[in-house]
Amino acid sequence: MNNTIIDTSALEQEITWLTNVCERRFESYFQHNEQDVDLSELCPAPKLDPAQSPYAKVVSDYSFGFSERIVLMLALMPHIRPQVLDLFSLQNAALGRAYSEIGGWRGKSHIGFLPTCETASFILAGSNLSKRFAVARLFKEGHTLIRNGIIKLDQQASGEPIFSATLQLSHEFLQLLADGEVHKPDFSANFPAKLMQTQLSWSDLVLNPEVMDEVNNIVTWLRQPQEILRNWGLEKSLKPGYRAMFYGPPGTGKTLTASLIGKALALDVYRIDLSMVVSKYIGETEKNLAGVFDQAQNKNWILFFDEADSLFGKRNQASSSNDRHANQEISYLLQRVEDFPGVVILATNLKANIDAAFARRFQSEVYFAMPDAIQRERLWKGLFANTDKLDKDVNFREIAERYELAGGALLNVARYAAIRAVKNQRNLITQDDLLAGIGRELMKDGKTL
Ligand SMILES: Nc1ncnc2c1ncn2[C@@H]1O[C@H](COP(=O)(O)OP(=O)(O)OP(=O)(O)O)[C@@H](O)[C@H]1O
Ligand SMILES: [Mg+2]
């Protein structure tokens, strides 16, 4: 845990400044003499020392000016000092409701004022239309605030003016201000993804040479995607990013390979379990996916979509409304996958469900087959490489040749064999323990020893 105490004096200065600016705007706006006011001149933003605090550093790193700082502070206030925005809850007495020009919205449990783009425009532009257009530029996709994921606009209902979008501060930025460091996002309703890590390394991975070759292609690409595109003059024709599909029976190393690719390149791999993201409510699946892609944009992450068949399995001829709904979700995922500038890996057991239109968009399709006898022997030996608690009678070659099991199943056998040895008060695992474990695994597939 980080115990650094963050210097908040820059933030305090900034809050005082924001309060001043807001009060000035209210004064000028409601006393109808606003033509004359240039708030950036009347209340210049305080000078901050970037070494002083994370907030000051962000302002300096991105060279944020008056407008960006106002937007940032507005979005921040509900989190750190909600009462600063209380003056915005003013009612228009003539209409008996809030002022449309101030915008804002109410949360479900937060009782204070939550700002929208309209609120920012009210402060920065008053009723000056050309200034309002300048404010609109702050909210464009390409602008630093949005591009770097510092703030997010959330349009609550389609067809409504863009300025009615809520102004939301990213979770990461908020943590940066509070702790001085960026955290890896945790699994949450807005971010249904989990960081994957593995203790294993490449030398533990047992794959046939063709599969290894495909995996190496991905790694080569990842080492220098920009250079590859540029050197070969392909920037215009090829989309950035790399999309791979891993398919094959359970326990053959798909998830492990994705983790190892990330580990080799020191990139974070986030696993999104599609079976948990897919919702029966219309529009909800897309919203869940959007949460992941929005956060992942501009980060050097590998997105690993696991259990892809839970989405594709739903697909059918669009005969009923449910199927049409499923098709929409798939199109949405496809679109986001295609536009994503980083690496996306999809994993599935049932490739048959994934149609040609989808497959075409992937740079590689890698089939993870069941290991053959030689590979199984390597897997067995690798699994017990760090133990000397094996009885002399254990013969890996024999069981490797005899029983067709995937790497994942071997793990279960090993665990069971160890438990069985302990239960029988032995401190060595015997061939018999392994055979008993194998028997249980085979039974899952309806087979016997
Ligand atoms: N090819 C392999 N090489 C080395 N170890 C393997 C291999 N395949 C499986 N394993 C072992 O089995 C574990 C489970 O495999 P993994 O989760 O990667 O399978 P998967 O193909 O993703 O299965 P599923 O389709 O069920 O998700 C791995 O963590 C690893 O310990
Ligand atoms: Mg898996």
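User: How do the residues of the lining of the second largest pocket divide into nonpolar, polar and charged?

Analyst: In this predicted model, totals for linings use all residues, while local features need pLDDT of at least 70 and side-chain atom pairs count only at pLDDT 80 or more. Residues are numbered from 1 along each chain as its sequence is written, and side-chain values use heavy atoms, with hydrogens and water left out. Ala, Val, Leu, Ile, Met, Phe, Trp, Tyr, Cys and Pro count as nonpolar, Asp, Glu, Lys and Arg as charged, and the others, Gly among them, as polar. On that basis the lining divides into 21 nonpolar, 15 polar and 12 charged.

User: What volume does the second largest pocket have?

Analyst: A pocket is an open set of points on a 1 Å grid over the protein atoms alone, where a 1.4 Å probe fits, with protein on both sides within 12 Å along at least five of seven lines; lining residues have an atom within 4 Å of a point. Grid points are joined across faces, edges and corners, and the volume is the space filled by probe spheres set on the points. For the second largest pocket this is about 1,200 Å³.

User: Which element gives the largest share of the lining of the second largest pocket?

Analyst: Helices (H or I, at least four residues) and strands (E, at least two) are DSSP runs, numbered from the N terminus. Elements that give two or more residues include α11 (254-265), β11 (343-348) and α19 (407-423). The largest share, six residues, comes from α19.

User: Between which domains does the second largest pocket lie?

Analyst: The bounds come from an automatic or database domain assignment. Residues of the lining are given by both domain 2 (194-367) and domain 3 (373-444), so the pocket lies between domain 2 and domain 3.

User: Which residues are linked with Asp 433 in a network of salt bridges?

Analyst: Asp 433 is buried at 0% relative accessibility, and its side chain meets that of Arg 426 at 2.6 Å, N to O. Arg 426 is partly exposed, at 28%. The network links Asp 433 with Arg 420, Arg 426 and Asp 432.

Notes:
Chains are lettered from A and ligands numbered from 1 in the order in which they are written. A salt bridge is a side-chain nitrogen of Lys or Arg within 4 Å of a carboxyl oxygen of Asp or Glu. Buried means under 20% relative accessible area, exposed over 50%, partly exposed in between (1.4 Å probe, protein chains only).
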